[in-house]
Amino acid sequence: MSLSRLLCATCLTLAMAGTALLPASAMDTRSAPQAGSFTLQEPQARLKLRLVPGTTLATGYHSPFYQQNPATGAITLRTDGLQPAIRGQTAPATVLREGTAWYFQQTPADMNASLHIDTWPSDQRVIIGRIQSPHGPVVELVANGHRSQVTVTVHDGSSTRNIVAGTIYPDRNVSYAISSRPNGTLVVVVNGSRSVLAMPAAATAPVMWFEAVAGQTGWHMPCHGDMAQVTFTSLEVRHPAP
């Protein structure tokens with residue numbers, strides 16, 4: 001047996017023994033996620049993706065990559081180390097995408113979420129939320145298990161900026177808010193730590209939307225067991241009046 005097959009078999013065995021697709025209990029008093037206002041993007045087969053509309057999610061849809069607890073409303077997202085690339089990225093992700101798109105110059109936009117990181121992938125890095133455009137991510141929140149912190153990455157064309165946005169609690173709970181305003185202000189709050197930034201210049205033209213994510217970063221050995229799992233106990237997107 002080759003080394004890559006042996007490692008894959010080992011990580012799959014560990015994953016089956018140590019992780020189950022069971023949402024964590026609610027962590028706060030915020031309202032539970034409203035699945036009907038999002039579109040799910042998940043793997044369908046080795047080289048395909050499935051888009052599941054909110055109307056289907058609201059009827060109790062579930063899969064190996066998505067589950068909503070009927071008692072608490074918490075939503076669990078799971079990745080798969082063998083799922084195909086999304087928008088040219090090599091790392092897998094399972095995504096809840098906001099149902100409407102917007103221009104940041106025209107409307108205020110807020111996403112608030114509380115979550116529990118159920119399972120870390122091998123590199124201990126999980127994307128947990130972002131502002132997305134047709135050209136790729138504009139702003140990403142990445143949880144780092146090695147450093148117990150969340151980093152905000154701002155993409156501006158070919159350049160990126162990384163700022164430590166907050167710490168991860170020992171129980172692996174994270175609450176965050178991402179807000180943009182028409183004046184170009186970007187505010188990120190992670191577990192009470194507030195960062196005020198500027199929307200990147202590259203974001204002035206494209207339409208964008210929020211995404212709640214369980215996503216892995218960078219290259220990884222293709223293996224079902226090298227996956228990430230995140231449970232969102234609250235999730236809300238708002239566009240308040242200017």
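What share of the contacts in the protein chain with a separation of 6 or more comes from residues 24 or more positions apart? The share is 67%. A contact here means heavy atoms within 4.5 Å.

This is a predicted model, in which local features need pLDDT of at least 70 and side-chain atom pairs count only at pLDDT 80 or more, while totals for chains, interfaces and linings use all residues. Residues are numbered from 1 along each chain as its sequence is written, and side-chain values use heavy atoms, with hydrogens and water left out.

**Confidence**

pLDDT is the predictor's confidence in each residue, from 0 to 100. The protein chain has a mean pLDDT of 83, and 79% of its residues reach 70 or more. Strand β11 (residues 173-180) has the highest confidence, at a mean of 97. Helix α1 (residues 3-18) has the lowest, at 42. Over residues 1-29, pLDDT stays under 50. The model still has 49 contacts beyond four places in sequence for residues 1-29. Where pLDDT is low, the predicted coordinates should not be read in detail.

**Overall make-up**

The protein chain has two helices and 15 strands. These are DSSP runs numbered from the N terminus: helices are H or I with at least four residues, strands are E with at least two. Of the 242 residues, 52% are buried, meaning under 20% relative accessible area with a 1.4 Å probe, protein chains only. The chain exposes about 11000 Å², an area from the Shrake-Rupley method with a 1.4 Å probe.

**The open sheet**

Seven strands form an open sheet in the order β3-β4-β15-β6-β11-β12-β13, with antiparallel pairing. Strands pair if DSSP finds at least two bridges between them. β3 (66-68) and β13 (193-198) are the edge strands; each has a single partner strand, so one side of each has no neighbour in the sheet. Neighbouring strands of this sheet are turned by 20° against each other on average, direction ignored. Within the sheet, β4 (residues 75-78) pairs with β15 (residues 229-238).

**Strand pairs**

| Pair | Bridges | One bridge |
|---|---|---|
| β4 and β15 | four | Ile-75 with Phe-232 |
| β5 and β14 | five | Leu-96 with Ala-212 |
| β7 and β8 | eight | Ile-127 with Val-142 |
| β7 and β14 | five | Gln-132 with Trp-209 |

β7 (residues 125-133) and β8 (residues 136-144) form a hairpin with two residues between them. β7 is mostly covered: eight of its nine residues are buried. β5 (residues 93-98) is also mostly covered, with five of its six residues buried. Strand β14 (residues 209-215) pairs with β5 and with β7.

**Nonpolar cores**

A nonpolar core is a set of buried Ala, Val, Leu, Ile, Met, Phe, Trp, Tyr and Cys residues joined through side-chain atoms within 4.5 Å. The largest has 47 residues. Tyr-66, Leu-96, Ile-128, Ile-131, Val-174, Tyr-176 and Leu-186 touch the most other members. Strand β6 (residues 109-119) gives the largest share of this core, five residues. Apart from it lies another core of five residues, among them Ala-93, Val-95, Val-142 and Val-213.

Leu-186 touches residues including Ile-131, Val-139, Val-154, Ile-178 and Met-199, not counting residues up to four places away in sequence. In soluble globular proteins, nonpolar side chains tend to be buried together.

Methods. Buried means under 20% relative accessible area, exposed over 50%, partly exposed in between (1.4 Å probe, protein chains only). Axes are lines fitted to C-alpha atoms, for helices over the stretch in contact, and angles run from 0 to 180 degrees between N-to-C directions.
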